[in-house]
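This report describes selected parts of one protein structure, moving from aromatic rings to helices and strands. Please look at the sequence and the structure before reading on.

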Amino acid sequence: MSLLKEAAHDVGFFYLSEHGVSSSFLERVRELTKKFFLLSEEEKLSISMINSPHFRGYNRAGNERTNGKSDWREQFDIGAEREPFNLTDKDPIWMGLHGYNQWPESLPELKNTILAYNDILTHISLKLLRSLALGLGLPENSFDIIYGNTPNEHIKLIKYPRCDIRKEAQGVGAHKDSGLLTLILQDENKGLQVEVDDNEWVDVLPINDTFVVNLGELLELATNGYLRATVHKVLPTEEQNERLSIAYFLGASLDSVVPVFVVVN
């Protein structure tokens with residue numbers, strides 16, 4: 001418990017092993033992610049995010065920007081499958097984020113696998129939050145109020161394509177994640193980096209059968225800065241390689257108010 005607290009306070013990034021998810025299931029998730037990005041451009045564009053009122057779907061490389069520069073990654077965004085609200089003009093705009101995902105017709109097995117993966121990682125993330133609370137000397141369920149019964153669960157299937165102008169490009173620009181926790185399943189290719197000090201970057205190298213866990217700004221806020229949401233980025237891939245990554249994000253319930261806890265060192 002003290003090591004978890006130390007990592008969350010000092011760096012905000014750590015590897016999670018012995019998590020209970022089988023190697024075969026993780027390989028299945030990677031395999032289907034690869035198959036998704038091998039679909040034709042026509043099929044991927046048929047489920048573009050622009051078609052979804054819930055901000056779910058596919059985006060081409062270069063469509064998102066961080067720090068004013070295009071991110072050189074393709075991605076497919078998936079959320080928890082929930083019944084959409086019947087919205088009126090008086091309802092908060094954020095209520096529109098609840099809803100259904102888009103799925104590729106020619107890869108029907110993707111839906112059940114990724115939704116099962118989402119449920120598994122939600123369970124792991126909630127256990128981590130309760131362990132963090134105990135490590136901070138707080139009641140085990142202290143963070144439960146932030147995510148409630150409908151946490152903002154979000155998965156990105158990500159492909160970093162080959163990049164011919166590596167020195168001028170970025171996989172993803174330097175940023176902090178906005179939610180509570182992020183769990184990243186990497187392939188064998190490096191690229192993820194963490195800023196451990198001012199402009200001092202460290203590679204987060206792939207380790208088989210582990211998740212890379214990083215803390216988001218909501219946990220930093222809820223602990224009055226004691227837990228660290230760390231700046232990180234992804235470098236563009238080497239010319240001969242493509243890189244796949246599956247990122248799971250646990251956020252707050254959309255209607256939650258984040259409390260600030262007093263943490264004693």
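Is phenylalanine 76 buried or exposed, and what is its relative accessible area? Phenylalanine 76 is buried, because its relative accessible area is 0% and the cut-off for buried is under 20%. The model discussed here is predicted.

## Aromatic rings

The structure contains six aromatic pairs. One of them joins phenylalanine 36 to phenylalanine 37: the ring centres are 5.1 Å apart and the planes make an angle of 75°, an edge-to-face arrangement. Both residues are shielded, as phenylalanine 36 is buried with a relative accessible area of 0%, and phenylalanine 37 is buried with 4%.

Phenylalanine 36 also pairs with phenylalanine 76, with 4.5 Å between the ring centres and 15° between the planes, so this pair is stacked. Phenylalanine 36 belongs to helix α2 (residues 23-37), whereas phenylalanine 76 belongs to strand β5 (residues 74-79); the pair therefore ties together parts that lie 40 residues apart in sequence. A single aromatic cluster is formed by Phe36, Phe37, Tyr58, Phe76 and Trp103.

## Two packed helices

Two packed helices are described by the angle between their axes and the distance between the axes. Helix α2, which holds phenylalanine 36, packs against helix α4 (residues 109-135) at an angle of about 135°, and the two axes are 10 Å apart. That angle makes α2 oblique to α4. The crossing of these two helices is left-handed.

Strand β13 covers residues 243-251, and nine of its nine residues are buried. Which residues of β13 are buried on each face? On one side they are Arg243, Ser245, Ala247, Phe249 and Gly251, and on the other Leu244, Ile246, Tyr248 and Leu250, so that both faces of the strand are covered.

Two strands that pair with β13 can be described in turn. Strand β6 (residues 152-160) pairs with β13 in the antiparallel sense, over nine bridges. Within this part of the structure, lysine 159 has leucine 244 of β13 as its bridge partner. Strand β8 (residues 181-186) also pairs with β13 in the antiparallel sense, over six bridges. Threonine 182 has phenylalanine 249 of β13 as its bridge partner.

## A four-stranded sheet

Four strands form an open sheet in the order β7-β12-β9-β10, and their pairing is antiparallel. Which strands lie at the edges? They are β7 (172-175) and β10 (200-203), each of which pairs on one side only. On average, neighbouring strands of this sheet are turned by 25° against each other, with direction ignored.

Strand β9 (residues 192-197) and β10 run antiparallel and are joined by four bridges. Valine 194 has valine 202 of β10 as its bridge partner.

## A charge over a ring

What sits over the ring of tryptophan 201? The charged end of lysine 233 does, at 4.2 Å from the centre of the ring.

Conventions: Residues numbered from 1 in each chain as written. Predicted model: local features only at pLDDT ≥ 70, side-chain atom pairs only at ≥ 80, totals over all residues. Heavy atoms only, no water. Buried < 20%, exposed > 50% of the residue type's maximum accessible area, 1.4 Å probe, protein only. Pairing = 2+ DSSP bridges. Phe/Tyr/Trp six-rings, centres within 6.5 Å; stacked < 30°, edge-to-face > 60°. Lys NZ or Arg CZ within 6 Å of the ring centre and 35° of its normal. Axes fitted to C-alpha atoms, helices over the stretch in contact; angles between N-to-C directions. Parallel < 35°, antiparallel > 145°, perpendicular 65-115°, else oblique. Left-handed = near helix turned anticlockwise from the far one by under 90°.
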